[in-house]
Amino acid sequence: MDTNDDRTSSAIVVVIDGGPLKITGEIILKDLKKDITDNPAEVLLCRCGRSCNKPYCDGSHKN
Amino acid sequence: MFSGGRKYRNNEITVYWKPDACVHASYCYRELIEVFDPGRRPWVDMNGASTDRIIEVVNMCPTEALTWKWNDEDKNKDISVDQTNHVVFRRPELLEIKEPDNQENPVSVKIMKDGPIVIKGDFTFQYSGNKKAMKDGIISLCRCGASNHLPFCDGTHRKIGFEDK
């Protein structure tokens, strides 16, 4: 199902099947350790719970 | 005490009292002693008359000592010029300034400790072939991998004892 909407947003949140969450565009990321990361160009966040570098993906989902 | 003087509310309006602006013209208590009684504490009793009558008398005040506004902010956008003591004419700083809605809401991505990713604001959200434009939206996405409603969080992280290390 596609929602047709002309409105564009600068931030895009993509759930990669079998992989991490990819976020691109203008965001304010509130990390666990560092308080705030402003506008990272792209961030990959772990969705499987197995990353050793949480909240970021380290590829562990492939194992 | 509220910094701009005192304020008194009923369920429809708020009346603001700015004592240092008063020139003692006395319209308020001569017209409506039931509400405005300088000998009583507090001197304003918002239950002493109808809202319409209170507005009428506040509008007689020749200064900004007494002003009023609707509690429903939307109603303050359409005030006629004869409502002379509405705050929009006398003390516009007392109106809540609302950002116009055509601005894009910044996107915040918050990692909850031992919990989900919470994303708020205006963004495009894509999952399993869906593409949604979120406007002032909020989603909570699973980080533990065990949710029964992937990609969304359903609280399972607590049951399995998911921890950030």
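This is a predicted model: local features need pLDDT of at least 70, side-chain atom pairs count only at pLDDT 80 or more; totals for chains, interfaces and linings use all residues.
1. Residues are numbered from 1 along each chain as its sequence is written, and chains are lettered from A and ligands numbered from 1 in the order in which they are written.

2. Confidence in chain A. The average pLDDT of chain A is 82, and 76% of the residues score at least 70. Over residues 1-8 of chain A, pLDDT stays under 50. For residues 1-8 the model has seven contacts beyond four places in sequence, two residues being in contact if their C-beta atoms, placed from the backbone, lie within 7 Å.

3. The interface. Chain A brings 28 residues into contact with 31 residues of chain B. On the side of chain A that touches chain B, the elements giving two or more residues are strand 1 (12-15), strand 2 (21-24) and strand 3 (27-30) of chain A. The residues of that side comprise 16 nonpolar, three polar and nine charged. In this classification Ala, Val, Leu, Ile, Met, Phe, Trp, Tyr, Cys and Pro count as nonpolar, Asp, Glu, Lys and Arg as charged, and the others, Gly among them, as polar.

4. Strand pairing between the chains. Strand 1 of chain A pairs with strand 5 of chain B in the parallel sense, over three bridges; two strands pair if DSSP finds at least two bridges between them. A:Val14 has B:Gln126, in strand 5 of chain B, as its bridge partner.

5. Overall make-up of chain B. Four helices and six strands are assigned to chain B, and along the sequence they follow the pattern β-β-α-α-β-α-β-β-β-α. Of the 165 residues in chain B, 25% are buried. A residue is buried if 20 or more other C-beta atoms lie within 10 Å of its own, exposed if 12 or fewer, and partly exposed in between, with C-beta atoms placed from the backbone. Among contacts in chain B between residues at least 6 apart in sequence, 43% join residues at least 24 apart.

6. The three-stranded sheet of chain B. Three strands of chain B form an open sheet in the order 1-2-3, with antiparallel pairing. Its edge strands are strand 1 and strand 3 (66-70) of chain B, each of which pairs on one side only. Neighbouring strands of this sheet are turned by 25° against each other on average, direction ignored. Axes are lines fitted to C-alpha atoms, for helices over the stretch in contact, and angles run from 0 to 180 degrees between N-to-C directions.

7. Details of that sheet. Strand 1 (residues 6-9) and strand 2 (residues 13-17) of chain B are paired antiparallel over four bridges, and a hairpin of three residues joins strand 1 to strand 2. B:Arg6 has B:Trp17 as its bridge partner, and B:Tyr8 stands opposite B:Val15. Helix 2 (residues 51-58) of chain B lies across strand 2 and strand 3 of chain B, at about 30° to strand 2.

8. B:Asp20 lies in the loop between strand 2 and helix 1 (27-31) of chain B. B:Asp20 counts as exposed because it has 7 C-beta neighbours inside 10 Å. B:Asp20 and B:Ala65 are 45 residues apart in sequence, yet their C-alpha atoms are 7.3 Å apart in space.

9. Backbone points to inspect: positive phi. B:Asp114, in the loop between strand 4 (107-111) and strand 5 (117-127) of chain B, has a positive phi near 55° although it is not glycine. B:Asp114 is partly exposed, because 15 other C-beta atoms lie within 10 Å. B:Asp136, found in strand 6 of chain B, likewise is not glycine and has a positive phi, near 50°. With 10 C-beta neighbours inside 10 Å, B:Asp136 counts as exposed.

10. Backbone points to inspect: cis peptides. A cis peptide bond with omega about 5° joins A:Lys54 and A:Pro55; A:Pro55 is in the segment after strand 5 (42-45) of chain A. In chain B, the bond from B:Leu150 to B:Pro151 is cis, with omega near 5°. B:Pro151 is placed in the loop between strand 6 (130-141) and helix 4 (156-160) of chain B.

Terms used:
pLDDT is the predictor's confidence in each residue, from 0 to 100.
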